[in-house]
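The sequence and the structure come first, and the text then follows them.

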Amino acid sequence: EVNILWAAHQVHHSSEDYNLFTALRQSVLQKYTSWMFNLPMALFIPPSVFAVHLQFNLLYQFWIHTEVITKLGPLEWILNTPSHHRVHHGRNPYCIDKNYGGTLIIWDRIFGTFEAEDAKVVYGLTHPVNSFDPIMLQLRPLAHIWNTFWATPGFSNKLSVIFKGPGWGPGKPRLGLPEEIPVVTGKEVPFNPPVPAYINCYALVHFAIIVDLYTELLASVSMLSQGTVLLRIGFIILSLASFGLLMENKSKAGILEILRCLVFVGAYKLGYFRSQFSFLGYAYEV
């Protein structure tokens, strides 16, 4: 309901599929905005209690990202369930700004933001991104706010662009006009451009390599210099962006991928990258 905070959270909602991987889809900006929701608890809750419950809340919200589980009977009245959270992730007009609860759904019932799952939920953003580029997914909403801020006349209106809802505009209610929410037919098809099978296999193999490098980075991060850590993180981000362009069939994806592979081979030869499995070193270079 606050545009600048939504810009930090919308990455989590941008997936047009709904499964356990959606729970892991997070924005790099999220941690810079979550603190303001937790800060009032510092006046009443001991830090140790807060730390434990924060982790429980985070773990609980993982399993509710699924379409496999339907209804859970009486638990639907108290707990946030997969059914309730599917509504929260929907872009159907009846799903917008509903079911905010993390673990409990009683607060939404009390404060009037509860909505039961009804028509088939179509997932994703009201204005789909239609891209697999992780960098663009992270920065697109901020660019939109920036452009809208400068294009909107009046200082108070500019502040409203930042602190009112994403659908707000001059002369509109705080959350925008419900009738301006794009209509959903239920026949929407998730963004998934056709690519040759060999591209799918290529991306899968190289993604597995990146997962290996990432896992090794986590295991050895305390022993690495800051420069090496930043280099590895930058390469991982570059790789994900390149894979995204490949899966979108972009014309320049091949050029970026060749450059990425050259960077990988050079860095691997110089010892900046390391696999958990030493016997794979030669295979990675190939």
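Helices (H or I, at least four residues) and strands (E, at least two) are taken here as DSSP runs, numbered from the N terminus. The model is a predicted one, in which local features need pLDDT of at least 70 and side-chain atom pairs count only at pLDDT 80 or more, while totals for chains, interfaces and linings use all residues. Residues are numbered from 1 along each chain as its sequence is written, and side-chain values rest on heavy atoms, with hydrogens and water left out.

**Overall make-up and annotated spans**

The chain holds 12 helices and zero strands, and its C-alpha trace spans about 60 × 45 × 45 Å along the principal axes. Of its 286 residues, 35% count as buried, where buried means under 20% relative accessible area, exposed over 50%, and partly exposed in between (1.4 Å probe, protein chains only).

UniProt lists "domain: Fatty acid hydroxylase" for residues 3-113, a span that is 48% helix and 0% strand, with its end C-alpha atoms 18 Å apart. For residues 199-286 the UniProt label is "domain: Alkylglycerol monooxygenase C-terminal", and in the model this span is 75% helix and 0% strand, with 17 Å between its end C-alpha atoms.

**Aromatic pairs**

Rings of Phe, Tyr and Trp (its six-membered ring) are paired if their centres lie within 6.5 Å, and planes under 30 degrees apart count as stacked, over 60 as edge-to-face and the rest as tilted. This rule gives nine aromatic pairs. One of them is the tilted pair of Phe132 and Phe191, with 5.1 Å from centre to centre and 50° between the planes. Phe132 lies in the loop between α6 (106-111) and α7 (134-151) and Phe191 in the loop between α8 (155-163) and α9, so this pair ties together parts that are 59 residues apart in sequence.

Trp146 and Trp150 form an edge-to-face pair, because their ring centres are 5.7 Å apart and their planes lie at 70°. The two residues are four apart in helix α7, and are therefore separated by about one helical turn. Trp146 is exposed at 55% relative accessible area, and Trp150 is likewise exposed at 55%. Elsewhere, ring pairs link Phe235, Phe264, Tyr268 and Phe273 into a cluster.

**Charges over rings**

A charge is said to sit over a ring if NZ of Lys or CZ of Arg is within 6 Å of the ring centre and within 35 degrees of the ring normal.

| Charged residue | Ring | Distance from ring centre |
|---|---|---|
| Arg109 | Phe114 | 4.0 Å |
| Lys158 | Phe149 | 5.1 Å |

**The cavity**

On a 1 Å grid over the protein atoms alone, a cavity is a set of points where a 1.4 Å probe fits but cannot get out, and lining residues have an atom within 4 Å of a point. A search of the whole structure finds one cavity of 30 Å³ or more. Its lining consists of Leu213, Leu217, Arg232, Phe235, Ile236 and Phe273. Helices α9 (197-220) and α10 (226-247) each supply at least two of the lining residues, and α10 gives the most, with three.

Conventions: On a 1 Å grid over the protein atoms alone, a cavity is a set of points where a 1.4 Å probe fits but cannot get out, and a pocket is an open set with protein on both sides within 12 Å along at least five of seven lines; lining residues have an atom within 4 Å of a point. Grid points are joined across faces, edges and corners, and a volume is the space filled by probe spheres set on the points. UniProt positions are given in the numbering used here, feature names are shortened, and annotations may be inferred rather than shown by experiment.
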